[in-house]
Amino acid sequence: MATIKISSGDTLSSIAKRHGTTVEELKKLNDLKDVDDIQAGKTLKVPGDRFETTPAVQGEASSTVEIQAGETLGTIAQRYGTSVEELAKLNKIQNPDRIFAGKILKIGGAPHEKVEAAPSMEANFPLPPKPIPVSDEKSTFPESRKPKASSLTYSDSFKKEVALTFDDGPNPKYTPKVLSILKEHGVNATFFVTGKNAEAYPELIRQIVAEGNTLGNHTWDHPDLSKTSKADMLKEMTRTQNAVDKALGYHYEMDQMRPPYGAVDSTVKETLKNEGDSMILWNVDSNDWRYPKDDQKIMDNIFGGEASVYVRGGVILFHDVHPQSGRVLGDVIERLQEEGFKIEKTDQLLEEKFARNTPPKA
Ligand SMILES: [Zn+2]
């Protein structure tokens with residue numbers, strides 16, 4: 001058992017993920033009645049023997065870091081387990097959007113423990129302290145704090161707007177191909193990874209994020225969650241979150257979740273809501289896994305029939321664990337672009353749905 005100080009911006013869910021535990025467990029441990037029952041500055045009991053990605057102790061001897069090109073206060077804050085506000089205050093920065101490479105920044109407290117990777121993994125996507133360049137110069141940290149819808153489902157409709165999603169990876173044979181096609185066409189996607197594969201291929205996790213894509217949680221080993229207990233579901237998700245954090249060397253809040261097989265019941269929905277995670281299903285199913293040798297059929301699934309991109313737009317489902325998915329991807333993107341579709345990430349669709357469902361304040 002350990003005690004931590006709650007920082008501003010912390011939620012029970014973010015603390016639980018950081019300490020490899022669950023919201024339920026924290027509530028029990030601290031006699032909390034409600035998830036909103038926490039306050040910055042107060043202390044919280046956490047299970048002490050779990051994997052930790054950020055330092056629990058703050059306010060020790062200050063350490064410094066040099067800002068690298070492409071970094072933002074958000075990416076730095078996330079890597080060192082602090083907040084943009086905290087960094088701005090500590091360094092007397094008026095405008096957090098105006099920071100310059102080469103500037104020395106005070107971090108406050110000891111930097112987080114460096115996670116070592118096997119030498120072979122370091123080759124292309126090394127771990128911090130060499131920073132991971134984020135191509136759109138925007139960290140996932142502020143992004144994840146924007147108000148967003150709690151789900152994307154079959155019934156949503158997005159006109160001339162799609163988000164590409166890839167499930168079940170990362171896969172050393174097929175994910176690199178998918179990533180290079182995305183990059184070549186200047187678009188990004190959301191990768192719903194399993195914890196098992198994230199642990200096995202950490203360099204791909206780093207590449208996915210470094211190239212501006214989003215990571216989503218697809219459980220540790222792909223069970224049908226409608227047949228899984230709530231406790232086991234939470235374990236599946238936390239273990240996956242920890243594998244991703246370990247691969248990246250910092251805490252990356254995965255707040256989008258896709259239940260395997262799209263299998264959902266009321267417990268799954270409620271659990272995701274409690275965790276503050278958005279449930280991402282899909283509108284258009286490429287059915288790529290069904291057609292290893294019929295690329296035209298995959299194109300037809302996306303562009304033809306009752307459930308095509310023309311009917312509902314929105315989220316398109318692929319899997320980056322088959323050769324055919326990467327094989328058709330270039331054609332799919334080019335056709336979408338030729339026909340004037342906007343290709344975004346699920347992050348943007350979630351924000352758009354939230355804005356659509358929220359009447360403007362009078
Ligand atoms: Zn899957």
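Predicted model: local features only at pLDDT ≥ 70, side-chain atom pairs only at ≥ 80, totals over all residues.
Start by selecting strands E1 (residues 2–5) and E2, which pair in the antiparallel sense over four bridges; helices (H or I, at least four residues) and strands (E, at least two) are DSSP runs numbered from the N terminus, and two strands pair if DSSP finds at least two bridges between them. Within this pairing, Ile-4 has Leu-44 of E2 as its bridge partner.

Residues are numbered from 1 along each chain as its sequence is written, and side-chain values use heavy atoms, with hydrogens and water left out.

Next, select Leu-164, Phe-191, Leu-215 and Leu-336, the residues with the most contacts inside the largest nonpolar core, which has 39 residues. Such a core is a set of buried Ala, Val, Leu, Ile, Met, Phe, Trp, Tyr and Cys residues joined through side-chain atoms within 4.5 Å, where buried means under 20% relative accessible area, exposed over 50% and partly exposed in between (1.4 Å probe, protein chains only). Helix H13 gives the most to this core, with five residues. A second, separate core of 19 residues includes Leu-152, Val-268, Val-315 and Leu-350.

Now display the rings of Phe-166, Phe-191 and Phe-318, which ring pairs link into a cluster; rings of Phe, Tyr and Trp (its six-membered ring) pair if their centres lie within 6.5 Å, and planes under 30 degrees apart count as stacked, over 60 as edge-to-face and the rest as tilted. By this rule the count comes to five aromatic pairs. Phe-166 and Phe-191 are stacked because their centres are 5.3 Å apart and their planes at 20°. Phe-166 lies in strand E6 and Phe-191 in strand E7, so this pair ties together parts that are 25 residues apart in sequence. Phe-166 also stacks with Phe-318, at 5.2 Å centre to centre and 15° between the planes.

Finally, select the zinc ion, which is coordinated by Asp-168 (OD), His-218 (NE2) and His-222 (NE2) at 2.0 to 2.1 Å; donors are N, O and S atoms within 2.8 Å of the metal (3.2 Å for Na, K and Ca), and sites may look incomplete because water is not among the atoms. Both His-218 and His-222 are buried.
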